[in-house]
Amino acid sequence: QVQLVESGGGLVQAGDSLRLSCAASGRTYTIDSMGWFRQAPGLEREFVASVTWFSGRTSYADSVKGRFTISRDYVKNTLYLQMHSLKPDDTAVYYCARRASGSTDYDYWGQGTQVTVSS
């Protein structure tokens with residue numbers, strides 16, 4: 001199993017920056033890629049960004065391209081999401097998740113961290 005714990009959320013104003021962290025523990029050698037997702041009230045959970053764990057190849061949702069940067073430190077087993085130019089539409093609970101080698105699904109999820117952006 002893999003345990004994921006997010007941190008770094010909070011209340012910020014539009015235009016501010018925030019960095020989220022996700023600490024992974026347990027069978028971290030099973031990680032192939034990690035992703036950030038978010039869910040706003042009344043909406044479905046949506047993909048934000050992902051990164052392959054060892055090669056560092058990244059992918060972003062169009063809504064965050066140019067504003068958010070996903071990165072990882074595989075020595076520290078920590079995933080990051082640097083968010084700039086935050087907008088009220090970015091308000092959501094942010095989750096990190098693991099995808100294992102050979103799998104197409106994200107199967108381990110953190111508990112989430114709340115990000116609230118005021119206008």
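Mentor: The side chains of Asp 107 and Arg 98 meet in a salt bridge, with N and O 2.6 Å apart; the term denotes a side-chain nitrogen of Lys or Arg within 4 Å of a carboxyl oxygen of Asp or Glu. The model is predicted, and local features need pLDDT of at least 70, side-chain atom pairs count only at pLDDT 80 or more, and totals for chains, interfaces and linings use all residues. Residues are numbered from 1 along each chain as its sequence is written, and side-chain values use heavy atoms, with hydrogens and water left out.

Asp 107 counts as partly exposed at 39% relative accessibility, whereas Arg 98 is buried, its relative accessible area being 6%. Here buried means under 20% relative accessible area, exposed means over 50%, and partly exposed lies in between, with a 1.4 Å probe and protein chains only. The side chains of Arg 98 and Asp 107 are also joined by a polar contact of 2.6 Å. That term requires a pair of N or O atoms within 3.5 Å; within protein, one must be able to donate a hydrogen and the other to accept it, and residues adjacent in sequence count only if both atoms are side-chain atoms.

Arg 98 is placed in strand E9. Strands (E, at least two residues) and helices (H or I, at least four) are DSSP runs numbered from the N terminus. Setting aside residues up to four places away in sequence, Arg 98 touches several others, among them Val 2, Leu 4, Met 34, Asp 105 and Tyr 108; contact means heavy atoms within 4.5 Å.

Strand E9 (residues 92-100) also contains Cys 96. A disulfide, with an S to S distance of 2.0 Å, joins Cys 22 to Cys 96; the criterion is a pair of cysteine sulfur atoms within 2.5 Å. A search of the whole structure finds one disulfide. Cys 22 lies in strand E3 (residues 18-26) and Cys 96 in strand E9, so the bond ties together parts that are 74 residues apart in sequence. The torsion about the S-S bond is about 60°, and the disulfide is therefore right-handed. Both Cys 22 and Cys 96 are buried.

Beyond strand E9, Ser 101 lies in the loop between E9 and strand E10 (106-109). Ser 101 is exposed, with a relative accessible area of 52%. Leaving aside neighbours within four places in sequence, Ser 101 is in contact with Thr 30 and Asp 32. Thr 30 is also one of the residues that Arg 98 touches. The C-alpha atoms of Ser 101 and Tyr 29 are separated by 9.6 Å, although these residues are 72 places apart along the chain.

The search of the whole structure finds five salt bridges. One of them joins Arg 38 to Asp 90, whose closest N and O atoms are 2.9 Å apart. This pair links distant parts of the chain, with Arg 38 in strand E4 (residues 31-39) and Asp 90 in the loop between strand E8 (78-83) and E9, 52 residues apart. Arg 38 counts as buried at 6% relative accessibility, and Asp 90 counts as buried at 2%. Another salt bridge is formed by Asp 62 and Lys 65, at 3.2 Å from N to O. Asp 62 is exposed, with a relative accessible area of 64%.
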